[in-house]
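I open the notebook on a new model today.

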Amino acid sequence: MINVEGLTKRYARTIAVDNISFEVQKGQIVGFLGPNGAGKTTTMRVLTCFMPPTAGKASVAGFDVLEQPMEVKKRIGYLPELPPVYGDMEVIEYLRFVGRLKGIPKADLKRRVDEVIERCAVGEVRTRLISKLSKGYRQRVGLSQAIIHNPDVLILDEPTAGLDPKQIIETRSLIKSLAGDHTIILSTHILPEVEQTCEQVIIISRGKLVATDSVHNLTNRLRGSEAVAVEVEGRDGAVNSAVILQRLEKVPGVSRVLAKESRGQRHIFEIESLQGRAIRPDLARAVVESGWNLNELRPVAVSLEEIFLQLTASDEAATPAGGVKQ
Amino acid sequence: MRNTVTIFQKEIKSYFASPIAYGLMAFFALISGYFFFAFTANFVERGIRMQMMGRGMPMDVNEWVIRPMLMNMSVVGLFVIPMITMRLFAEEKRLGTIELLATSPVRDLEIILGKWLAALVMYSAILALAGINTALLFLYGNPDWKPLLVGYLGLVLQGGTLLAIGAFISTTTRNQIIAGTATFAICLLLWVLDWASSYGTTSAAKVIAYLSVVTHFEPFAKGVIDSKDVIFYLSMIFFGLFLTSRSMESLRWRA
């Protein structure tokens, strides 16, 4: 659905986006992840035909952004970081205006406006001036604007920025409900957001593509070794945590055992495996056979946060000059 | 075409939803009302004096009231126009709504035309309100209406020119105050250019004087449509809108 090849965008003195390529399949939700100033907004602006690329190609639904911008624009809905709303318009008036601008036929306009009002839950404020709306409502009006013409592709620039936790959850579920019919790219620098809403991640840092993969694969790829948290309880009488630690270290495949906490009879350990070894069955057996209680045994997930730090840190080490070049 | 209408309607609504429209109308009506009063009073006084001196020559309302009125309106317009155009694009840029317009399936030209036409209608509305003054002349006198219409046509053409230039300046900044001030400066410059002709008769002075928007208005005020002046205004409008579209395009490259 979206095809980006060797995209580069250079401003007067800086390279905002440096030779990135990726592909997005139809119906996917893709998280566009990167620290502030990584080039997310620039990439999105190229995809929405707001600005042309310096080099490289980008196409949406098979139409090139440079050669057939009108066809691309018909097929995208775009929510910029700041919702593009007019304070002096009422919500319904604004949506009608955008609807006409997006080329919705007169006969369908009313129906479409009603549909997005329903979908984005802005019915309560439909006749209010947008300047009087709270940030959350404004964001929703912005989202209604983006989906009013039922575009194939939705491009959302930090759709949850500046919202309160409840609004963030609502916005996320709204975005999720839009998947399927629409291909969605959403940019963010909040990692859990990607973990929760997206199937696919594109990570960029300082204008360069760092990784692109599914959320699941990316987590796995970086987690070569397994980490397990174990809680052991002595069955009768006190058990020294050092004794347990020694026993656990003997389990095959274990590379490191860390005593995390001891509360009376309960001892919590964090255990790392050697590369590519499954250690949980052996760990469980070892604890039980030694006559202790196994209260808990769970894998410790590597969060996207860590992946992100690993990826972007190594990138910085490799190119100390960063994305800003003369 | 449909898109131009959409943009036009939105702009008109936004003019009349804010106090700007009413403020400008009141301001313009007040000033032109004062001029109207001054010229009419002068006209009447002269008429009485001439009768008393026994030299009762026929006096022309068009020449003594309408023509100076139109000339003054064309100059006062220079002050009003920056306030109409300053927000056209600067505000969209500040609000970020320019991103909505630029990513909608709408051509730049359609946006520019819609906005310029709305500004022109706004300006015409301001002129029309001030036209009530001259309507009073028809109640008590018998002025010739054709030169008046020609004069109004001239005002609209002159307004269109300056509005196109103002629209261009508005695309270059996101600050309305800067846009307004710069437009005002250019308007003044285009007005005083014709003073250059009084300082010299060289061809350079003539060229400079030719560019003055007010010089080209004078024949209209007299009720004369000269194709030279019409072409001047139309080409200036075209030039202004052309600059606007270039500037909008360059926003995309520079952003």
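**Entry 1: domains of chain A.** I began with the distance between domains. The C-alpha centres of domain 1 and domain 2 of chain A are 46 Å apart. I then noted the bounds: domain 1 covers 2-221 and domain 2 covers 224-299. I keep in mind that this is a predicted model.

**Entry 2: a sheet in chain A.** Next I traced the strand order. I found an open sheet of 4 strands in chain A, ordered E12-E13-E11-E14, with antiparallel pairing. Strand E12 (254-263) and strand E14 (292-299) of chain A are the edge strands, and each pairs on one side only. From one strand to the next, the twist averages 20°.

I looked more closely at one pair. E12(A) joins strand E13 (residues 266-273) of chain A in the antiparallel sense, over 8 bridges. Which residue of E13(A) is the bridge partner of Arg263(A)? I read off Arg266(A).

Then I checked what covers the strands. Helix H10 (residues 280-289) of chain A lies across strand E11 (227-234), E12, E13 and E14 of chain A. H10 of chain A runs at about 165° to E14(A).

**Entry 3: two helices in chain B.** I moved to chain B for a helix pair. Two packed helices are described by the angle between their axes and the distance between the axes. I took both values for helix H3 (residues 61-85) and helix H7 (residues 145-171) of chain B: an angle of about 15°, and axes 9 Å apart. Angles under 35 degrees count as roughly parallel, so H3(B) and H7(B) are roughly parallel to each other. The crossing of H3(B) past H7(B) is right-handed.

I listed the contact residues. On H3(B) they include Ile66(B), Leu70(B), Met73(B), Leu78(B) and Ile81(B). On H7(B) they include Gly151(B), Leu155(B), Gly159(B), Leu162(B), Leu163(B) and Gly166(B). What is the make-up of the contact of H3(B) with H7(B), in nonpolar, polar and charged residues? I noted 13 nonpolar, 8 polar and no charged.

**Entry 4: positive phi in chain A.** Last, I went through the backbone angles. Most residues other than glycine have a negative phi. I marked Asn19(A), where phi is positive, near 50°. Asn19(A) sits in strand E2 (residues 15-24) of chain A. I also marked Arg206(A), which is not a glycine and has a positive phi of about 50°. Where does Arg206(A) lie? I placed Arg206(A) in the loop between strand E9 (200-205) and strand E10 (208-214) of chain A.

How values were computed:
Residues numbered from 1 in each chain as written. Chains lettered and ligands numbered in written order. Predicted model: local features only at pLDDT ≥ 70, side-chain atom pairs only at ≥ 80, totals over all residues. Heavy atoms only, no water. Axes fitted to C-alpha atoms, helices over the stretch in contact; angles between N-to-C directions. Parallel < 35°, antiparallel > 145°, perpendicular 65-115°, else oblique. Left-handed = near helix turned anticlockwise from the far one by under 90°. Contact = heavy atoms within 4.5 Å. Nonpolar A, V, L, I, M, F, W, Y, C, P; charged D, E, K, R; others polar. Domains from an automatic or database assignment. Pairing = 2+ DSSP bridges.
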